[in-house]
Amino acid sequence: MAHIEGERELGAYLDEKERRLEEITTGLARLWFQQYVEKKRPAEIDALEEEQSRLLLDPELAEIISEFAGRVQEPLTARRVLAWQKALLAAQINARPEVFRLQNEIAARQVAYQPEYNHFPTDMATLRHIMRQDADPLHREEAWLAIAPLAKELEPQVRELLTLRNQLAQSLGYRTYVDLALYLQGLTREDVEDALKGLATRTQDLYMRCLHEESEHAGLLKIMPWDIMYLLERADGASPAYFPASQAERKVAEFLRGFGVELAGTGIRLVVTDIPYNGLTMTIEAPRDIRVLVNPRDGLGYYSTIFHEYGHALHAYYARPQSYILRHEAGVFSEAMAEVVAYFVNYPEWLAAMGLSAAEIRSALKARLLAQFSFLRQRSANALFEYLAYDNPSQNLNALYAAVQSQVVGHEIDPRPQWAANAWYTSYPVYWQNYVLAEVIASQTHRALQTRFGRVLGNPAAFAYVRDQFWAPAGGVDWQDKVRAATGDDWGIEALVGELLTAGAEHYPA
Ligand SMILES: [Zn+2]
């Protein structure tokens with residue numbers, strides 16, 4: 001085995017490993033991009049994924065990292081060792097062939113699944129559209145049920161995947177896989193559960209008022225799972241004509257120009273392609289090649305998605321990590337950075353600049369409150385269910401899922417299969433909380449920016465502040481330290497609770 005003498009030699013050894021890791025990840029990113037555009041998996045992916053997993057599971061590397069962990073003086077090298085330690089720990093589960101083979105097998109089935117509606121083949125986007133827009137509850141129910149056959153079919157395999165991840169996490173000394181996955185992000189289950197449940201409790205009266213007022217309007221006697229998107233996400237509150245898909249890139253460029261930033265000078269470009277998500281940002285080679293993939297449609301919702309994706313892209317573009325391993329940051333922080341940018345579509349000044357009248361802005365913000373509740377509640381429920389599922393994967397997970405969704409989202413219980421069709425539980429485990437905490441952090445950040453700068457939209461100083469405090473240091477500074485330094489406080493739900501209650505008092509007075 002290689003013998004490493006001192007920190008300087010360790011630095012050189014890590015340089016070499018990171019150089020190879022960067023080559024592999026860049027190669028993989030290109031192939032994944034190709035896969036999204038061409039709709040088929042390039043054959044070279046398997047060999048590169050296997051090489052990546054060999055690198056991350058290399059016992060010599062593991063021994064060297066554990067030998068130096070906690071003993072390095074020089075701050076940058078210490079940070080790199082910690083980042084490597086976490087990457088290797090994650091790989092102990094995610095890079096194991098038995099895990100990623102099972103995971104890929106389930107994911108392939110999810111991608112290939114052809115749902116049916118009314119006995120005709122359809123796609124997920126159409127089903128979502130029906131659940132948002134169709135006034136007939138029977139249609140929405142049928143759309144909701146379209147994934148039930150897949151959920152039923154995949155349940156044994158996804159359960160096996162959960163059990164496998166748990167066993168590996170337990171062999172590494174963690175109670176469940178959830179504890180390990182949250183630790184890798186700098187979180188604890190207790191803190192996350194407190195935040196998610198606190199957010200729900202503190203806004204419960206308002207949320208139930210919104211939900212019931214909307215269901216009365218819609219003439220529903222009972223609120224079922226397939227009614228939630230219809231009640232809360234039906235309207236953008238503003239005419240889609242104000243938000244044409246074809247203008248989105250130009251509008252992002254104008255938005256950035258207001259801050260003194262020329263989009264054309266960055267390595268960020270937009271790629272229109274049919275992907276299974278609303279949007280997806282792929283960093284091929286930062287900073288010079290970052291691609292934002294989108295499924296365009298008219299409307300404020302799309303602009304919110306595209307701003308979110310440009311948030312990811314700007315984060316990647318402005319990151320100046322001192323070493324490659326520090327380019328990777330916790331998923332929760334990355335989502336928060338995307339949301340910090342997406343938050344601007346709720347600024348009345350921005351909506352006014354898009355041509356909306358005062359009355360239209362008010363209606364857009366009312367719709368936004370409902371949509372935000374829908375996202376926060378469903379995602380919190382998805383996360384809380386996942387934690388309980390890992391506590392005991394052999395329990396009746398359909399019943400558990402229905403009970404948690406019903407309790408958090410506020411609809412009736414329907415235990416027909418759903419959860420195992422959800423791609424996140426397979427491909428992005430223990431990720432749901434990140435979307436909720438991202439809004440928590442974005443709200444806190446905007447409150448801090450408003451306090452510090454007064455005018456935030458179109459203020460170059462506010463942009464530079466976010467760039468320098470959050471993006472540039474990358475993983476060289478712990479993300480929670482960045483939040484504390486930039487906002488003057490630990491991350492917490494106060495700003496978001498305050499924001500929701502204020503909007504609620506305006507649009508849904510008690
Ligand atoms: Zn995102």
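**Close-up views of the predicted model**

**View 1. Strands β4 and β5 form a hairpin with three residues between them.** The model is predicted. Strand β4 covers residues 279–285, and strand β5 covers residues 289–294. The two strands run antiparallel and are joined by six bridges. E285 stands opposite D289 of β5. Five of the seven residues of β4 are buried, so the strand is mostly covered.

**View 2. A cis peptide bond links A286 to P287.** Omega of this bond is near -5°. P287 lies in the loop between β4 and β5. For context, most peptide bonds are trans.

**View 3. The zinc ion is coordinated by H308, H312 and E335.** Along the chain the donors follow the spacing H-x3-H-x22-E. Helix α14 spans residues 300–318 and holds H308 and H312; because these are four residues apart, about one helical turn separates them. Both H308 and H312 are buried.

**View 4. N118 and H119 have positive phi values in the loop between β1 and β2.** Strand β1 is 116–117 and strand β2 is 120–121. Phi is near 60° for N118 and about 65° for H119. Most residues other than glycine have a negative phi. N118 has a relative accessible area of 47% and is therefore partly exposed. H119 counts as exposed because its relative accessibility is 71%, the cut-off for exposed being over 50%.

Note on methods:
Residues numbered from 1 in each chain as written. Predicted model: local features only at pLDDT ≥ 70, side-chain atom pairs only at ≥ 80, totals over all residues. Heavy atoms only, no water. Donors = N, O, S within 2.8 Å, 3.2 Å for Na, K, Ca; no water. Buried < 20%, exposed > 50% of the residue type's maximum accessible area, 1.4 Å probe, protein only. Pairing = 2+ DSSP bridges.
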